[in-house]
Amino acid sequence: MSKNSEPRFWQKAQQHLIRYGGSFEPLIIERAEGSFVYDADSRPILDFTSGQMSSILGHGHPEILEVIAEHARTLDHLFSGMLSRPVVDLASKLAELAPGALERSMLLSTGAEANEAAIKMAKLATGNYEVVSFAQSWHGMTSAAASATYSAGRRGYGPSAVGSFAIPAPYPYRPRFERDGVCDWQRELDDSFHLLDRQSNGSLAAFIAEPILSSGGLIDLPLGYLSGLKEKCRERGMLLIIDEAQTGVGRTGLMFACERDGVEPDFLTLSKTLGAGIPLSAVVTTAAIEELCHERGFLFYTTHVSDPLPAAVGLKVLEIVERDGLVQRAASSGARLERGLRELQGRFDCIGDIRGRGLLLGVEIVKDRQSKEPAAPLGSAISRRCMELGLSMNIVQLPSLGGVFRIAPPLTVSDREIDLGLDLLAKAIGDSVRRSS
Ligand SMILES: Cc1ncc(COP(=O)(O)O)c(C=O)c1O
């Protein structure tokens, strides 16, 4: 019998865990190292989701271990009103790396928290309260972040924050507006803001956007859209928050995805990838916005704000990413992965679309390329087969699109591991298509 089926483990899990979404993999994960996690039978599983889209340095990076061990021994957690060197150093480093005039940071633990703080600051700075995001967005599970999350989880909890609005993200594979056969994102943007202006009470505070909407189906905002969005915000006195939880710190082949568009947001929020698996997030904003919020009594006093241990990890993550050329590596490994996926598309008619940037790629599974009809059961079958074969791939299933695999291996992934992932995926698709026909 597989050690993954240990009855006592599953009985305790069933009896004592709150289920927080989806179902658990029927595996007991015992350890993780590099690009792999290992189950109770010591079976290696290639981690093409970087844990929860976070472990950009793979698992158990020796230098991160050293930082954690040293800080656990010497400087771990402090009274929230105390400062330490790692916090000030990480804030300075973020100011050096972040686009434009973004130079003041607050260090927190999770992505939702960082977005919560950015939204609160935007409200305080503008004196307004309306917050807009995309209909396919995911910004987190706390109150303001959840109110700005439309891809899932809205039902059953009573009213969201008053003044929450959504507009559709431009979706080039299934465009609402087309010109000469391509997505007319300008018309999409104009149409969305026309509708928004009709609904707003005149209190627009902020727009919060992911440069690539990950949980919404790996929808890559077309080049130019983000600048257009920034202009719409400027015209209305709204602040632009760019949430780079998944795209930040090299993942897309640039340090931050918004650099591609040359857009300087009013707030940049970072999380998952910044701590590379350790809970660490940051809100980065301009001195002018920070001064204004401070004057107006900004309060965001949390237990783990400005904690030295995660800040030291974040500093080391940035040092390794820069020193080892991992931004460029994301671009070249991403190109290799994309080439392999396009070859698979040539073999399998159920691969409708391949999109994304660097090492954040999406593969949309459809019934066939002609009809583009969503094929949720096939997508789920491929995902299950991948796991059986030793490849962890995450598929998002949303009603309006086919299942979309979000492929995001660690930036340290080797060419051999990429090729292995492609081989396993090819086998999983082949087996699943055969079984379904
Ligand atoms: C783009 C984005 N923002 C924010 C979050 C929330 O981060 P956390 O789960 O760390 O609160 C997520 C989580 O998936 C995310 O994908």
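A polar contact is a pair of N or O atoms within 3.5 Å; within protein, one atom must be able to donate a hydrogen and the other to accept it, and residues adjacent in sequence count only if both atoms are side-chain atoms. The model is predicted: local features need pLDDT of at least 70, side-chain atom pairs count only at pLDDT 80 or more, and totals for chains, interfaces and linings use all residues. Residues are numbered from 1 along each chain as its sequence is written, and side-chain values use heavy atoms, with hydrogens and water left out.

View A. In the side chain of lysine 272, an N or O atom is 3.1 Å from an oxygen atom of the ligand. The protein covers 83% of the 390 Å² of accessible area that the ligand has on its own (Shrake-Rupley method, 1.4 Å probe; for residues, only the protein chains shown count as cover). Aspartate 243 places a polar side-chain atom 2.6 Å from a ligand nitrogen atom. At glycine 111, a backbone N or O atom lies 2.9 Å from a ligand oxygen atom.

**View B. Shell around the ligand.** The residues around the ligand are Thr110, Gly111, Ala112, Asn115, Trp138, His139, Gly140, Glu210, Asp243, Ala245, Gln246 and Lys272 (a heavy atom within 4 Å). Helix H5 (residues 111-126) supplies the largest share, 3 residues. Helices (H or I, at least four residues) and strands (E, at least two) are DSSP runs, numbered from the N terminus. The shell divides into 3 nonpolar, 6 polar and 3 charged residues. Here Ala, Val, Leu, Ile, Met, Phe, Trp, Tyr, Cys and Pro count as nonpolar, Asp, Glu, Lys and Arg as charged, and the others, Gly among them, as polar.

**View C. The second largest pocket.** This pocket holds about 590 Å³ of space. Of its 24 lining residues, Ser105, Met106, Glu290, Phe298 and Val305 are the closest to its centre. Helix H4 (85-97), strand E4 (102-108), strand E14 (281-286) and helix H10 (287-295) each give two or more residues to the lining, and E4 gives the most, with 5 residues. By class, the lining has 14 nonpolar, 6 polar and 4 charged residues. On a 1 Å grid over the protein atoms alone, a pocket is an open set of points with protein on both sides within 12 Å along at least five of seven lines, a cavity is a set where a 1.4 Å probe fits but cannot get out, and lining residues have an atom within 4 Å of a point. Grid points are joined across faces, edges and corners, and a volume is the space filled by probe spheres set on the points.

**View D. The largest cavity.** The whole structure has 1 cavity of 30 Å³ or more. The volume of the largest cavity is about 60 Å³. Among its lining residues are Ile119, Lys123, Tyr129 and Ala144. H5 and helix H6 (143-147) are the elements that give two or more residues to this lining. The lining consists of 7 nonpolar, 3 polar and 1 charged residues.

**View E. Two loop residues with positive phi.** Most residues other than glycine have a negative phi. Aspartate 180, in the loop between strand E7 (178-179) and strand E8 (182-183), has a positive phi of about 50°. Aspartate 180 is exposed, because its relative accessible area is 76% (exposed is over 50%, buried under 20%, partly exposed in between; 1.4 Å probe, protein chains only). Alanine 276 also has a positive phi of about 50° and lies in the loop between helix H9 (272-275) and E14. Alanine 276 counts as buried because its relative accessible area is 13%.
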